[in-house]
Amino acid sequence: MSTFRRRIIVVGKSGVGKTTLVEKFCYGERQSPEGHTEVDSTHEKTVSHPPLTLDLSVIDTGTEDISSIEMTMRMCDAVIFVYDAGDRDSFELIKEFLIPFQKPRPFREPLFGVLVANKSETKTKEAVPFMELANFAKDNHLEFVTCSALEGDQFNIPFRALARTFTQKIISISGGVPAPYSNPKCIIL
């Protein structure tokens, strides 16, 4: 099976569960102590999405600083936008993260994106009505999922959606299943 490397950045307001989402996906459980992530951290996971294998670098952002996130986003292939399903303010912040996401990227493919409503286990009332979410996702060319990273409910769906998109794009560009690139230091676009 051919192997390709892809980078994913996970962004959102502090406390929405980005670290739990990333660590559950990469390791099956939360690895770091509870609390605010101070610095960006990168986690690795290899996934099989036949006919390809994808080596994913997942960047868990420890900041809400748009300029810092924009610099990291330029090097990535996809973005997972996470908000707390019970916190309207965390959803509103996603709109700020969309600004660098939507900028043209010379000599690079456009970024893929997934909008994640996390903490579905704690909400008594959705902070954002479903139709508003559906329209927001559609208008911004994002896939949309709800999950509970803490409870382990559907936490892998955003990553599987991106793996599917990466695989489809690689196959469409190459006209079939491509041979793996031989230089491990080079990220394949």
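Which elements do the buried residues of α1 pack against? I looked this up in what is a predicted model. The buried residues of α1 pack against the strands β1 (2-12), β2 (41-49), β3 (52-60) and β4 (78-84), and against the helix α5 (157-174).

I then checked burial along α1 itself. Nine of the 10 residues of this helix (residues 18-27) are buried, so α1 is largely enclosed by the rest of the structure. I noted them by name: Lys 18, Thr 19, Thr 20, Leu 21, Val 22, Glu 23, Lys 24, Phe 25 and Cys 26. After α1 comes Gly 28, and I recorded its positive phi, near 85°.

Next entry: α3 and α4. I took helix α3 (residues 88-102) and helix α4 (residues 130-139) as a packed pair, with an angle of about 10° and axes 13 Å apart. On the α3 side I listed Arg 88, Phe 91, Ile 94, Lys 95 and Leu 98, which meet Glu 132, Leu 133 and Phe 136 in α4. By class, I have five nonpolar, no polar and three charged residues in this contact.

Last entry: cysteines. I found zero disulfides in the structure. Cys 26 is buried, with a relative accessible area of 10%. Cys 147 is also buried, and its relative accessible area is 0%.

Conventions: Residues are numbered from 1 along each chain as its sequence is written. This is a predicted model: local features need pLDDT of at least 70, side-chain atom pairs count only at pLDDT 80 or more; totals for chains, interfaces and linings use all residues. Side-chain values use heavy atoms; hydrogens and water are left out. Buried means under 20% relative accessible area, exposed over 50%, partly exposed in between (1.4 Å probe, protein chains only). Helices (H or I, at least four residues) and strands (E, at least two) are DSSP runs, numbered from the N terminus. Contact means heavy atoms within 4.5 Å. Axes are lines fitted to C-alpha atoms, for helices over the stretch in contact, and angles run from 0 to 180 degrees between N-to-C directions. Ala, Val, Leu, Ile, Met, Phe, Trp, Tyr, Cys and Pro count as nonpolar, Asp, Glu, Lys and Arg as charged, and the others, Gly among them, as polar. A disulfide is a pair of cysteine sulfur atoms within 2.5 Å.
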